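Please keep the model open while reading.

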Amino acid sequence: MIIDSHSHLDDKRFDEDRDQVIEKIQQANIDLVINIGANLSSSKASVELAKQYDFIYAAVGVHPHDASSYSEKVEKEIISLATHKKVVAIGEVGLDFHYDFSPRDIQLQVFIKQIKLANQLGMPLIIHDREAHQPVLEALRKYKDEKTIGVFHSYSGSSEMISDVLDLGFYLSFNGISTFKNAKKVHNAILHTPLDKLLIETDSPYLTPAPFRGKRNDSSNVIYVAKAIAKIKGITIEQVYEKTTENTLTLFGM
Ligand code: NI
């Protein structure tokens, strides 16, 4: 099986041809796609896609960019969406101190609220961490309960930080950045991530892998991510598919 564990097929860049793109993804033998919410409307759209297509599952949550949009009303709607049987995680949530689209104190408050939500609902977390490694780790250590696990999507920390992530019981996910020649830090992180803790994703429409950099990304390109990881780890692509599938199904209880 081949799984894209992180995609945004609800993105407006697919508005013109979404159905054709999804058909292309199925024809490329991608078995499962998890579509990730970034705010209330994209969380709703993710659930709609999951209802429409058997092979699409959803995550619901509010991205740090949209933290300012979080309210009690939004939280109630996220909880209600999360009860749908094809919603497998709370995400993506976390901190983004690179763009700072929402004030940092608000980002942190909203992140903590959603960690508590995952605890309460017994669901895993999909973490967005950009230039906020220590505060993300601290919030998780402090607020997640013993059972709550999750994944650092588009992992961008050092290879030293991997032990902190593993101590939390979390997984690490890699995307098209793994195919970039100059992405030494990510290559090194892949090398140091145990195979039983590794997930693959596209983060489409963003982060298009080589050789298609510059074009719109979609879930069918997850095969280039698997290829790059196989090369870095010195294993076969089949081993990458086998382990990442097992990890994804375990993490999300699918
Ligand atoms: Ni994303």
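The buried residues of helix 8 pack against strand 1, strand 7 (171-174), helix 7 (184-192), strand 8 and helix 9 (237-252). This is a predicted model. The chain's secondary structure amounts to nine helices and eight strands. A nickel ion is coordinated by H6, H8, E92 and D203.

**Helix 8**
- V222, V225, A226, A228, I229 and A230 are the buried residues of helix 8.
- The end C-alpha atoms of helix 8 are 17 Å apart; its 12 residues should span 16 Å at 1.5 Å a residue, so the two values agree.
- G234 follows helix 8 and has a positive phi, near 65 degrees.

**Nickel site**
- The donor atoms are NE2 of H6, NE2 of H8, OE of E92 and OD of D203, at 2.1 to 2.4 Å from the nickel ion.
- Angles between the four donor atoms run from 87 to 178 degrees, which makes the arrangement irregular.
- The spacing of the donor residues in sequence is H-x1-H-x83-E-x110-D.
- H8 sits in the loop between strand 1 (3-7) and helix 1 (18-27), and D203 in the loop between strand 8 (198-200) and helix 8 (222-233); the pair therefore ties together parts that are 195 residues apart in sequence.
- Both H8 and D203 are buried.
- E92 belongs to strand 4, and the peptide bond from G91 to E92 is cis, with omega near 5 degrees.

**Overall form**
- The chain has a radius of gyration of 17 Å; a compact globule of 254 residues would have one near 18 Å, so the chain agrees with that expectation.
- Along the principal axes, the C-alpha atoms fill a box of roughly 45 × 40 × 30 Å.
- Buried residues make up 56% of the 254 in the chain.
- Of the contacts between residues at least 6 apart in sequence, 71% join residues at least 24 apart.

**Helix 2**
- Helix 2 (residues 40-52) has 13 residues and reaches 19 Å from first C-alpha to last, close to the 18 Å expected at 1.5 Å a residue.
- Its buried residues are L40, S42, S43, S46, V47, L49 and A50.
- These buried residues of helix 2 pack against helix 1, strand 2 (32-36), strand 3 (56-60), helix 3 (72-82) and strand 4 (87-96).

**S5 in strand 1**
- S5 is part of strand 1.
- Its relative accessible area is 4%, so S5 is buried.
- Beyond its neighbours within four places in sequence, S5 contacts I34, I36, S173, L199, I200, E201 and T248.
- S5 and L121 are 116 residues apart along the chain, and their C-alpha atoms are separated by 20 Å.

**Backbone points to check**
- S204 and P205 are joined by a cis peptide bond, with omega about 15 degrees. P205 lies in the loop between strand 8 and helix 8.
- E131, a residue other than glycine, has a positive phi near 55 degrees. E131 is in the loop between strand 5 (125-130) and helix 5 (133-143).
- S154, also a residue other than glycine, has a positive phi near 45 degrees. The loop between strand 6 (150-152) and helix 6 (162-167) holds S154.
- S154 has a relative accessible area of 17%, so S154 counts as buried.

Terms used. Residues are numbered from 1 along each chain as its sequence is written. This is a predicted model: local features need pLDDT of at least 70, side-chain atom pairs count only at pLDDT 80 or more; totals for chains, interfaces and linings use all residues. Side-chain values use heavy atoms; hydrogens and water are left out. Donors are N, O and S atoms within 2.8 Å of the metal (3.2 Å for Na, K and Ca); water is not among the atoms, so sites may look incomplete. Four donors count as tetrahedral if all angles lie between 85 and 135 degrees; four count as square planar and six as octahedral if opposite donors are over 155 degrees apart and all others between 65 and 115; anything else is irregular. Helices (H or I, at least four residues) and strands (E, at least two) are DSSP runs, numbered from the N terminus. Buried means under 20% relative accessible area, exposed over 50%, partly exposed in between (1.4 Å probe, protein chains only). The radius of gyration is taken over C-alpha atoms; the globule rule is 2.2 Å times the number of residues to the power 0.38. Contact means heavy atoms within 4.5 Å. The expected span of a helix is 1.5 Å times one less than its number of residues.
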